[in-house]
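Please examine the following structure with attention to its charged side chains, its helices and its strands. The account begins with a single residue and widens from there.

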Amino acid sequence: TLTLNPLNGDPALVGREIRNHLDAADIKERNCVFCIPLSWALSIQTKVPNIPDSDLPGFLEIEAERGFPYGPETLSIASSVCGGVGEGEKHATLVAVPKNHLLQLEKALRAAQLRPLSFTLGVTALHGPERERQQGVLTLEIGENTIDQQITIGGGVASLRSLDGAIEVEGAQRSIDAEGIAREI
């Protein structure tokens, strides 16, 4: 747990705090892949019409422009296409992270003497969409304050959500609201 917020803290100080944690754990590796919290991301889903595969990137770009509240030039956008429950039906999940978040984080990681090779969402690193193509898979990542949910099916990510109220805090104790999670699922 960091005491400084990597998004609005001084990158040099955030980097120093990260470096102190790594030194205390005797971690010497400099290359890293950083898992971004799902709460930093925006996501939208869209039905993919029956179009040639060569037209798919252009279609998804238009959907991103229409669906996200910020221009695509200010976002880092990724997409995942999955098969639907109907015959030949496809859906796409578009995920965007503000580029300024990534730039701020990259400055802090470099100040910590790290070389970020990639950024990914933590929950998507737990279960890739390429596994279990036909059966759907629900993945839950329990974090410090939230539980992130991913549903994969048909070779792609069908849904990403952060369940903010799923962890209840009473004093120093944390508990999981199982009924709330079941309701949200």
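R66 is exposed, at 65% relative accessibility, whereas E63 is buried, with a relative accessible area of 11%. Here buried means under 20% relative accessible area and exposed over 50%, with partly exposed in between, using a 1.4 Å probe and protein chains only. These two residues form a salt bridge in which the closest N and O atoms are 3.4 Å apart; the term denotes a side-chain nitrogen of Lys or Arg within 4 Å of a carboxyl oxygen of Asp or Glu. Because R66 and E63 are three residues apart in helix α2 (residues 56-67), about one helical turn separates them. Side chains of opposite charge can pair when their charged atoms come close.

The model is predicted: local features need pLDDT of at least 70 and side-chain atom pairs count only at pLDDT 80 or more, while totals for chains, interfaces and linings use all residues. Residues are numbered from 1 along each chain as its sequence is written, and side-chain values use heavy atoms, with hydrogens and water left out.

By the salt-bridge rule, the count comes to six. One of them joins D23 to R16, at 3.9 Å from N to O. D23 counts as partly exposed because its relative accessibility is 39%, and R16 counts as partly exposed at 39% relative accessibility. R16, R19 and D23 are linked in a network of salt bridges.

Helix α1 comprises residues 11-24, and its 14 residues reach 20 Å from the first C-alpha to the last, close to the 20 Å expected at 1.5 Å a residue. That expected span is 1.5 Å times one less than the number of residues; helices are DSSP runs of H or I with at least four residues, strands are runs of E with at least two, and both are numbered from the N terminus. The buried residues of α1 are P11, V14, G15, E17, I18, R19 and L22. What covers them includes α3 (99-111). Just after α1, D26 adopts a positive phi of about 55°. D26 also forms a salt bridge with K28, with the closest N and O atoms 3.1 Å apart, and both residues are exposed.

Strand β4 (residues 90-98) is mostly covered, seven of its nine residues being buried. Strand β2 (residues 42-48) runs antiparallel to β4 and is joined to it by seven bridges, with Q45 having T93 as its bridge partner. Strand β3 (residues 75-83) is also antiparallel to β4, through nine bridges, and L75 stands opposite P98. Two strands pair if DSSP finds at least two bridges between them.

Terms used
Contact = heavy atoms within 4.5 Å.
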